[in-house]
Amino acid sequence: AVRPVGTESLLITTRANGLSILSAGVFAAQSKLVDTIRRRPEIRYVLYIVPKGVPKGDAETYMRAIGSIAPDFTVKMAKYPQFGFGDAANLPPAGYLWTNVLAAGQTVQNYGVFMRAGQPMDPALKPFSEPDTSSFLADLKDGEASGDMPNLILINSDDPRRQDVIDAVKKSKFGFRTIIIDSGDTLAVADALGLAPMTRRDAIRQ
């Protein structure tokens, strides 16, 4: 599940060998991922490719990917037409991944994740959001000129420019200090950015 890509960055993927880190019981793969991150103390940035944008995909999987837990509201209400991801009752107990990143004094840039009709469903994400990755290459160029880029960059797995974004980050001056996580593993992102542990469903519900 973890494999080197070139000499500048790592790509963590669930597609290799059909393995999914989110699958029940795949603790060895997740441990390997965390160990890899911890052996890379120079990591400062994370490109997080969130699986299946809203409204596509499984609601519980999607909430775990951005909040490390599927709240009871998601579990009980996702099958009904009135269900809304952005409903206040659907807020994860420990907040979303970006909530924790911002609280830790780090920076975020979002390209289309957790958005509907071009607007973020979490108001806290609005100042850091673009509807898609059309401006990503220009933003990355600006970051190289300034010498920094956001600590957490979010894109959707079905974004048509996804591979261009990955390639650009790998080739950039930030490549060696960046980890690319393409697994829906919120905890791995939190670990890479040195965040406090986020609430995890299997920790509170056996």
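Buried means under 20% relative accessible area, exposed over 50%, and partly exposed in between, using a 1.4 Å probe and protein chains only. The model is predicted: local features need pLDDT of at least 70 and side-chain atom pairs pLDDT 80 or more, while totals for chains, interfaces and linings use all residues. Residues are numbered from 1 along each chain as its sequence is written, and side-chain values use heavy atoms, without hydrogens and water.

Helices (H or I, at least four residues) and strands (E, at least two) are DSSP runs numbered from the N terminus. In helix α5 (residues 136–146), the buried residues are Phe136, Leu140 and Gly143. These lie on the same side of α5 because they cover an arc of only 55° around the axis, taken from the directions from the helix axis to the C-beta atoms. The other side of α5 has Leu137, Lys141, Asp142, Ala145 and Ser146 exposed. Just after α5, Gly147 has a positive phi of about 95°.

A salt bridge requires a side-chain nitrogen of Lys or Arg within 4 Å of a carboxyl oxygen of Asp or Glu; by this rule there are three salt bridges. Arg44 pairs with Asp148, with the closest N and O atoms 3.4 Å apart. This pair links distant parts of the chain, 104 residues apart. Glu60 and Arg64 form a salt bridge at 3.2 Å, N to O. Glu60 is partly exposed at 23% relative accessible area, and Arg64 is partly exposed at 24%. Arg162 and Asp182 form a salt bridge at 2.3 Å, N to O, and both residues are buried.
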